[in-house]
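Look at the model first, then read on.

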Amino acid sequence: MDRSNADQLRKFVAPEFVFGTGARRLAGQYARNLGGRRVLVVTDEGVGRAGWSQQVVECLREADLTAFVFDRVSPNPKDHEVMAGVEVFKEERCNAVVAVGGGSPMDCAKGIGIISSNGGHISDFEGVDQVERACPPLIFVPTTAGTSADVSQFCIITNTVASYKMAIVSKAVVPDVSLVDPETTTTMDRDLTAAAGMDALTHATEALASNARSPITDLHALEAAHLVAQHLVGALARPQNMEHRAGMMQASLQAGLAFSNASLGAVHAMAHSLGGLKDLPHGLCNAILLPHVMEYNFDEAREAYIRLGQAMGIALEDLDREAQQSAILSNIRRLQESVGINRSLRDLGIDPGDVPALAAKALQDACIVTNPRRPVQSDLEAIYAKAA
Ligand SMILES: [Fe+2]
């Protein structure tokens, strides 16, 4: 092979997935077919209260499997939560993992899968392709429309000793099957629906502008952006409307397929830094940062952002370069406001003294590498300051 072309090669990894109302009810059948007997169900208390984890446990029992529930998972899942889940997995002699929930239980389940097969501590696996042995069967039932942890090669865990989010990127954490059931998102409250939806839009935007993008990831990212523009506001206005909920679930899925393979950019690097140092909600941080990072990237990512804008239905044809930029950015800001995200980083408790440390951590995040413009410390400090 001509080595000069090696950086042009693109791989596309995706799990088997079943999309549609009722998909969650296949959890027992899939777990049994994948060889599961004693299954660890990783979830959190909120998803438990909504009733989704109990439904999945019942499906597992109907398939003659034994289920053990681990629900000690917080938002921005922590290293010690992963290790506590591994203890339950070992004590109960489990041989499969089913995650039911949003990004936090799913990422925690990935971490539990890694350690149960490879041993060690979760911090040993930080970085790209550091996981040697395959996880036990992983079956995911996402209950939010946005994080896409159910299709991605990413596992994000907070290192509580050094207060930052570790990115573990590996094909090993792509689940064996994802059961994507839009009905589970009807119990998301308004704030979570908005923040998760803006997370999906951020995934699509960063995948489109990534320097590891490909025609295949673009297809998914553009459709995801189109679906967010079509359905996010409607899902907020009519939370029980299944057309809007399914539209957002599909947006999340396709944005996930895009970013899992094209990676992300400075929005996520900076949001990971905020989540790690200050334990702030991921989707909300992304939503606040998105237009500011797009403005910083605009000249390098112009073509990608124009395609994004067109997919979202913004008329750009007769505009000059400057007008195109302002139409795209103002549309993103308008969407942010119409979904009720009108806060700044200062409202979330960030003060100017935090900015240097936040920028330094973001520069070390794996997602910064694929940002279309390579920032230095002062660039990220300026973006944080603008978003404050
Ligand atoms: Fe995200």
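Helices are DSSP runs of H or I with at least four residues, strands are runs of E with at least two, and both are numbered from the N terminus. This is a predicted model, where local features need pLDDT of at least 70, side-chain atom pairs count only at pLDDT 80 or more, and totals for chains, interfaces and linings use all residues. Residues are numbered from 1 along each chain as its sequence is written.

Start with Ile332, which sits in helix 11. A residue is buried if 20 or more other C-beta atoms lie within 10 Å of its own, exposed if 12 or fewer, and partly exposed in between, with C-beta atoms placed from the backbone. Ile332 is buried because 23 other C-beta atoms lie within 10 Å. Two residues are in contact if their C-beta atoms, placed from the backbone, lie within 7 Å. Leaving aside neighbours within four places in sequence, Ile332 is in contact with Leu290, Pro291 and Met294. Ser74 is 258 residues from Ile332 in sequence, and their C-alpha atoms are 30 Å apart.

Now turn to Asp351. Its place is the loop between helix 11 (321-338) and helix 12 (355-363). Asp351 counts as exposed, with 9 C-beta neighbours inside 10 Å. The C-alpha atoms of Asp351 and Ala388 are separated by 7.6 Å, though the two are 37 residues apart along the chain.

**The whole chain**

The chain has 13 helices and nine strands. Its radius of gyration (over C-alpha atoms) is 20 Å, close to the 21 Å that the globule rule (2.2 Å times the number of residues to the power 0.38) gives for 388 residues, so the chain is as compact as a globular protein of that length. The C-alpha trace spans about 65 × 50 × 45 Å along its principal axes. Of the 388 residues, 54% count as buried. Among contacts with a separation of 6 or more, 80% join residues 24 or more positions apart.

**Helix pairs**

Axes are lines fitted to C-alpha atoms, for helices over the stretch in contact, and angles run from 0 to 180 degrees between N-to-C directions.

| Pair | Axes come within | Crossing angle, roughly |
|---|---|---|
| Helix 7 (residues 215-237) and helix 8 (residues 242-262) | 7 Å | 150° |
| Helix 12 and helix 13 (residues 377-387) | 9 Å | 125° |
| Helix 4 (residues 79-91) and helix 5 (residues 103-118) | 9 Å | 60° |

Angles under 35 degrees count as roughly parallel, over 145 as roughly antiparallel, 65 to 115 as roughly perpendicular and the rest as oblique. A crossing is left-handed if the near helix is turned anticlockwise from the far one by less than a right angle, and right-handed if clockwise.

Helix 7 is roughly antiparallel to helix 8. Their crossing is left-handed. The contact includes Leu227 and Val228 of helix 7 and Met248 and Leu257 of helix 8.

Helix 12 and helix 13 are oblique to each other. Their crossing is right-handed. Among the residues that meet are Leu358 and Leu363 in helix 12, and Leu380 and Tyr384 in helix 13.

Helix 4 and helix 5 are oblique to each other. Helix 4 passes helix 5 in a right-handed crossing. In helix 4, Glu81, Val82, Gly85, Val86 and Phe89 meet Cys108, Gly111, Ile112, Ile115 and Ser116 in helix 5.
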